[in-house]
Amino acid sequence: MVRSIQRLLNWTGTRRKRIYIGFVYSFFHTLFTALPVIIAAYSLKLILEDMNGKESLATSSIVYIAISMVIAVAGRFMFGYLRASTQESVGYEVTAEQRIHIGGLLKRVSLGFFYRKKAGDITSAVTTDLSFIEMHGMKMIDVIVNGYISVFTLVLCLAFYHYAVALAAIAGIACSALFLKLLRSKSEENAPIHQQAKDRMISATIEYIRGMPEVKAYHQQGFTKESIHKAYEMGKEINIKIEKNYMPYNSLHLLSLHAASTGIVAVSAWLAMNEIIPLSTMIMMVIFSFVIFSQVEAMNNASHVLKVIDATLDKLEEMNETEVLDKHSKEIHLEKFDIQFTNVSFGYERRQVIRDVSFTVPEHTTTAIVGPSGSGKTTLCKLIARFYDVDQGQIEIGGVNIREVTSESLLKNMSIVFQKVYLFHDTILNNIRFGKPDATLEEVVEVSQKARCHEFIMALPDGYDTMVGEGGSTLSGGEKQRLSIARAMLKDAPIIILDEATASIDPENEHEIQAAISALVAGKTILIIAHRLATIQNADQIIVLDNGGIAQRGTHEDLIKEVGIYKNFLQIRKRAEGWSL
Ligand SMILES: Nc1ncnc2c1ncn2[C@@H]1O[C@H](COP(=O)(O)OP(=O)(O)OP(=O)(O)O)[C@@H](O)[C@H]1O
C-alpha cells in the first residue's frame with residue numbers, strides 16, 4: 001500500500017507539496033473532530049457531578065464549554081475545507097496535463113503503435129483510466145494517509161485516558177490489517193483482469209460503431225452484435241467473480257472491526273464499573289471507537305481501489321515510456337525540398353515491404369508512383385512523412401536526413417492528401433482551418449474557391465459553419481476529397497504528397513477534383529500515387545513499384561518503349577478509362 005501511495009504521490013509531480021500540506025491540515029481536522037467529543041464528555045462529567053450536588057456547572061463553565069464547542073466545530077470545518085481545497089484539485093490538474101501530454105506523445109510515435117495497440121486501449125487510457133485516477137486518486141490518498149493520521153491521533157487520545165482501551169483499539173486495527181493484506185493480494189490478482197475486461201468492452205464498442213456501415217451493408221448485425229455481447233457478458237462475469245472473490249475477506253475485516261468496537265465498549269465499561277475512569281470518559285471512548293473503525297473501514301475499502309489505480313498507473317506508464325520517433329531529433333528549418341531515397345528498406349513488424357529503394361524527387365517537379373495493389377506505394381509516402389522510420393538506408397529532404405528532424409518541423413513542410421479523407425466532427429470552416437489554424441475566413445473562402453468546394457459549402461444549411469459528422473460522414477466522397485485539398489492548399493507547404501482517388505467518381509466531380517489538385521500542386525515538389533492516365537503522363541518522372549522494389553523508372557515516353565509492368569499497367573488503365581489503344 002505504501003508503494004502504491006508513493007506512486008500516486010510521484011504521479012502528482014511538482015504538486016506533491018500541496019498533498020503534504022493537506023496531510024498537516026488533515027491532522028488538525030482530526031483533532032478538531034475529536035475535540036467536540038472530548039468537550040461533550042467533559043460536559044457530561046460536570047452535569048453528573050452537579051446532579052450529585054457538587055455544583056460544578058457554573059455559568060462561566062457553560063459559556064466556556066459553548067465557546068470551545070463553537071471553536072471546535074469551526075476549526076473542524078476550516079481544516080476540512082483547507083485540506084480539500086489544497087489536495088482535491090491536484091488530481092484534476094495532473095490528469096488534464098497527462099491527457100495533453102499523451103495527446104502530444106501520440107503525434108510523435110510510429111504509426112505502428114496504433115496497430116499494435118487497440119483503439120480501445122488508447123481510448124480507455126485517456127478517458128476512463130485517467131478519469132478513474134482523477135476521481136479516486138486524491139480521494140484514496142485522503143482516505144488512506146489521512147485515515148492513518150486520524151486513527152493514530154484518536155488512538156493517542158484513547159491512550160491519554162487509559163492504555164487498555166488503546167491496546168484494544170490497536171488489536172482491532174492489527175486484525176483488520178491482516179485481512180486487508182489478504183484482500184489486497186486478491187485485488188492484485190484481479191486488477192489486470194478487470195482492466196483487460198474494460199479495454200475489451202471499449203474496443204468492441206468502438207469497432208461496433210465504426211463498422212456500422214459494413215454491418216448494415218452485409219446484413220451482419222448478428223456477427224458484430226455477438227462480439228459486443230460477448231465482451232459485455234465477459235465484463236459482467238469478471239466483475240461478479242471479482243466481487244465474489246472479495247466477499248470473504250471483506251466480511252472478515254468488517255467482523256474484526258465490529259469485534260474490536262465491542263471490545264473497546266467492554267474494556268471501557270469494565271474500567272468505568274471499577275471506577276478507574278468516570279462514566280463520561282467511557283461514553284467518549286465508545287464514541288471514539290466508532291470514529292476510529294469507520295476510518296479503518298474506509299481505508300480497507302480504499303485499498304482495493306488502490307490496486308486498480310496501480311494497474312491504471314502501470315498502463316499509463318507504459319504509454320508514457322513509448323519510444324517517440326524524434327527523441328534524438330532537432331528542430332531544423334529546411335531550406336530545400338528535393339527528396340532523396342538511398343537504399344531504403346522497411347517492413348511492418350517482420351514482413352519486408354520496401355526493398356532497397358533509391359530515387360530522387362527533384363525540387364518543384366512531380367513524381368508519380370504506380371504499381372500493383374500492395375506493392376508499397378502508400379508505405380513509401382508514409383516513410384517520407386516519418387510516420388514510420390526506415391529500417392535501412394536513409395531519406396533526405398534538402399540534403400537533411402529526416403531522422404534528424406523533429407516530426408513537427410518536418411511535417412510543417414508537407415501537405416498530405418490521403419485517399420481516405422478524415423474530417424473532424426466540427427464545422428466546415430474549422431476542418432479547412434486545420435491546415436492553418438490562424439487563417440482568416442477570407443483565406444478559407446479563397447482556397448475553397450480554388451479547391452472547387454465553395455459552391456457546395458454555400459449550398460449547405462449553415463454554409464461554412466455547417467457541422468460535419470464524425471469522420472466526414474455527412475459529405476460525399478468527392479466533397480470530402482475537395483475539402484481535404486482546400487485544407488492542404490491553406491497550409492501551403494512546399495512538398496505535396498497525394499494519394500489520387502481510385503474510387504469511381506462521376507466525370508463532373510472528377511473534373512472538379514482535378515482542377516482542385518492542379519491549383520494545389522502548382523510550383524511544389526510533388527509525390528503522387530497516381531491512378532489516372534493524365535496524371536501519370538504529365539509527371540516529370542514515373543516510379544514503377546513492384547513487390548516493394550523499383551521495377552522501372554523514367555518518363556512516360558521512356559517507359560512505353562520498354563517491355564514491362566508499366567506497359568501492361570498502362571493498357572489496363574486505358575481499358576478502364578475507355579481509351580482506345
Ligand atoms: N500497418 C500495416 N501493418 C502491416 N502490414 C501493412 C500495413 N500497412 C500495409 N501493410 C502491408 O504492406 C504492403 C504494402 O502496402 P501499401 O499500402 O504500401 O501498398 P499500396 O501499393 O499502397 O497498395 P494499394 O494500391 O492497394 O493502396 C501490403 O502487403 C500491405 O498488406
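These are my notebook entries on what I looked up in this structure, which is a predicted model.

**Confidence.** I began with the scores, and found that the mean pLDDT of the protein is 83, with 93% of its residues at 70 or more. For the model I also noted an ipTM of 0.97 and a pTM of 0.65.

**Two helices.** I then turned to helix α2 (residues 16-51) and helix α3 (residues 59-108), whose axes lie 8 Å apart and which pack at an angle of about 160°. Because an angle over 145 degrees counts as roughly antiparallel, I recorded α2 and α3 as roughly antiparallel to each other. The crossing of α2 past α3 is left-handed, and their contact is made up of 16 nonpolar, 11 polar and three charged residues.

**The ligand.** Next I looked at the 11 residues around the ligand, of which Y348, S373, K377, T378 and T379 come nearest. By class I noted seven polar, three nonpolar and one charged residue in this shell, and helix α10 (residues 377-384) gives the most to it, with three residues.

**Positive phi.** N343, in strand β1 (residues 339-348), has a positive phi of about 45° although it is not a glycine. D356, in strand β2 (residues 351-361), is likewise a residue other than glycine with a positive phi, near 45°.

Definitions and conventions
Residues numbered from 1 in each chain as written. Predicted model: local features only at pLDDT ≥ 70, side-chain atom pairs only at ≥ 80, totals over all residues. Axes fitted to C-alpha atoms, helices over the stretch in contact; angles between N-to-C directions. Helix = DSSP H or I, 4+ residues; strand = E, 2+ residues; numbered from the N terminus. Parallel < 35°, antiparallel > 145°, perpendicular 65-115°, else oblique. Left-handed = near helix turned anticlockwise from the far one by under 90°. Nonpolar A, V, L, I, M, F, W, Y, C, P; charged D, E, K, R; others polar. Near = placed C-beta within 6 Å. pLDDT = per-residue confidence, 0-100.
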